[in-house]
Amino acid sequence: MAINWNAFWEWANPRKFMWWTDRALPVIAILAAVIFVIGLVWGFFLTPDDYRQGATVKIFYIHVPSAMMAINIWAMMLVASLIWIVRRHHVSALAAKSAAAIGMTMTLIALITGAVWGKPMWGTYWEWDPRLTSFLILLLFYIGYMALWEAIEDPDTAADLTSALCLVGSVFALLSRYAVLFWNQGLHQGASLSLDAEENVADVYWYPALVAIAGFVLLFVALVLLRTRTEIRARRLHALEMRERVKNA
Amino acid sequence: MPDLGKYAGDVLMAYGVTFLLLAGLIWRSLARSAKVKRQLKAAEERKSHG
C-alpha cells in the first residue's frame with residue numbers, strides 16, 4: 001500500500017496541526033498521566049528487591065526510561081531538523097525547538113539518578129566512564145542547542161543554525177547509546193533492556209519497566225505537542241508585533 | 001510504603017529529584033502556553049480594532 005505523503009504534510013500544516021492537537025492533546029495528556037503513575041507505582045511498590053542491588057533496583061524505573069528518552073528525543077530532533085533543512089517546514093523546526101527542554105530534563109534526570117544509584121553500587125557518584133561522559137556531553141549539547149535558539153532573533157536563521165548543531169550533536173547521542181560497546185571499559189553495564197530475551201532483566205522487573213517507559217514516552221508526546229502549539233502561537237505573535245511596529249513607525 | 005532498608009535515602013532522593021524536575025518542566029510548559037495564548041489574543045484584538 002502506497003503512503004500518501006501529501007496527506008502527511010497537510011496534517012503538519014500549522015493550522016491543521018493546531019486543529020488536531022487541540023483534540024488529541026487532552027486525551028494523550030490523561031493517558032500519559034495514568035500510564036506514568038501505573039508504571040512507577042508498580043515498579044516502586046509492587047516489585048521485590050534485587051538479590052544483589054537490594055532496594056536500589058527501584059531507581060531502574062526512572063533511570064532507564066529517562067536515559068532512553070534523552071537519546072531518542074535527540075533522534076526525534078534530528079529528524080525534525082532534517083525535515084526543516086530539506087523542506088523548510090516551520091512546524092518541524094518548532095517541534096525540534098520544543099523537544100529540547102524535555103530532552104535536557106530527561107538527560108539531567110538520567111545523570112542524577114545514575115549518580116545516586118552509582119554511589120551504593122559502585123562506591124562513587126561519578127566516574128569518567130564512556131557512557132557517563134558521553135551523557136554529560138549530550139547534556140551540554142542540549143544546553144547549547146537551547147541557548148542558540150534564544151541567542152538569534154530571526155527564527156529562520158535560528159532554525160538553520162540549530163539544525164546544523166543538532167546534526168553534530170547526533171554523533172554524541174549515538175555515542176551515548178553505544179559507548180559501552182565501543183569501549184569495553186568503565187563502570188556502566190550494557191543495555192538493561194533489549195529485544196534479545198537472554199539479555200533482559202527478569203520479568204518481574206521487565207513488565208513494570210515497559211509500562212514506565214510507555215509513561216515517559218506519552219509524557220514526552222503530550223509535552224512536545226503542548227510546547228509546539230505554544231511555539232506556533234509565539235511565532236504568530238511575533239509576526240503581529242512586527243507588523244504593528246512597521247505600522248507605527 | 002515498601003521497606004527500602006539502608007538504601008531508603010538513595011531511592012527516595014532519586015524519585016524526589018525526578019518528580020521535582022518533571023513538575024518544573026510541566027509547570028513551565030503550561031505557564032508559557034497560557035502567557036503566549038493571552039498575549040496573542042490581545043495582539044489579535046488590537047489588530048481587529050485598528
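A:L218 belongs to helix α7 of chain A, which covers residues 203-248. Apart from residues up to four places away in sequence, the contacts of A:L218 are with A:I28, A:L31, A:A32 and A:I35. The model described here is predicted.

The confidence of the prediction may be considered next. The model as a whole has an ipTM of 0.93 and a pTM of 0.91. In chain A, the mean pLDDT is 89, and 89% of the residues reach 70 or more. Within chain A, the highest confidence is found in helix α2 (residues 14-45), at a mean of 96, and the lowest in helix α1 (residues 5-11), at 71. For chain B the mean pLDDT is 93, with 98% of the residues at 70 or more.

In an unreviewed entry, UniProt places the feature "transmembrane region" at six spans of chain A, namely residues 24-47, 59-86, 98-117, 132-152, 164-184 and 204-226. Residues 24-47 of chain A are 92% helix and 0% strand, with 33 Å between the end C-alpha atoms. Residues 98-117 of chain A are 100% helix and 0% strand, and their end C-alpha atoms are 30 Å apart.

Helix α5 of chain A (residues 130-151) was examined separately. This helix contains 22 residues and extends 31 Å from its first C-alpha to its last, close to the 32 Å expected at 1.5 Å a residue. Buried residues in α5(A) include A:P130, A:R131, A:L132, A:S134 and A:F135. Further along α5(A), A:L138, A:L139, A:F141, A:Y142 and A:Y145 are buried as well. In general, an α-helix has 3.6 residues a turn, so residues three or four places apart point the same way.

A:R88 is exposed, because 12 other C-beta atoms lie within 10 Å and the class extends to residues with 12 or fewer. The phi angle of A:R88 is near 55°, a positive value in a residue other than glycine. Most residues other than glycine have a negative phi.

Chain B has one helix and zero strands. For this chain, too, UniProt gives a "transmembrane region" in an unreviewed entry, at residues 12-31. That span of chain B is 100% helix and 0% strand, and its end C-alpha atoms are 28 Å apart. The C-alpha trace of chain B spans about 70 × 15 × 5 Å along its principal axes. The radius of gyration of chain B is 21 Å, whereas a compact globule of 50 residues would have a value near 10 Å. Of the 50 residues of chain B, 16% count as buried.

The two chains meet at an interface in which 24 residues of chain B are in contact with 29 residues of chain A. On the side of chain B that touches chain A, 14 residues are nonpolar, five are polar and five are charged.

Technical notes: Residues are numbered from 1 along each chain as its sequence is written. Chains are lettered from A and ligands numbered from 1 in the order in which they are written. This is a predicted model: local features need pLDDT of at least 70, side-chain atom pairs count only at pLDDT 80 or more; totals for chains, interfaces and linings use all residues. Two residues are in contact if their C-beta atoms, placed from the backbone, lie within 7 Å. Ala, Val, Leu, Ile, Met, Phe, Trp, Tyr, Cys and Pro count as nonpolar, Asp, Glu, Lys and Arg as charged, and the others, Gly among them, as polar. UniProt positions are given in the numbering used here, feature names are shortened, and annotations may be inferred rather than shown by experiment. Helices (H or I, at least four residues) and strands (E, at least two) are DSSP runs, numbered from the N terminus. A residue is buried if 20 or more other C-beta atoms lie within 10 Å of its own, exposed if 12 or fewer, and partly exposed in between; C-beta atoms are placed from the backbone. pLDDT is the predictor's confidence in each residue, from 0 to 100. The radius of gyration is taken over C-alpha atoms; the globule rule is 2.2 Å times the number of residues to the power 0.38. The expected span of a helix is 1.5 Å times one less than its number of residues.
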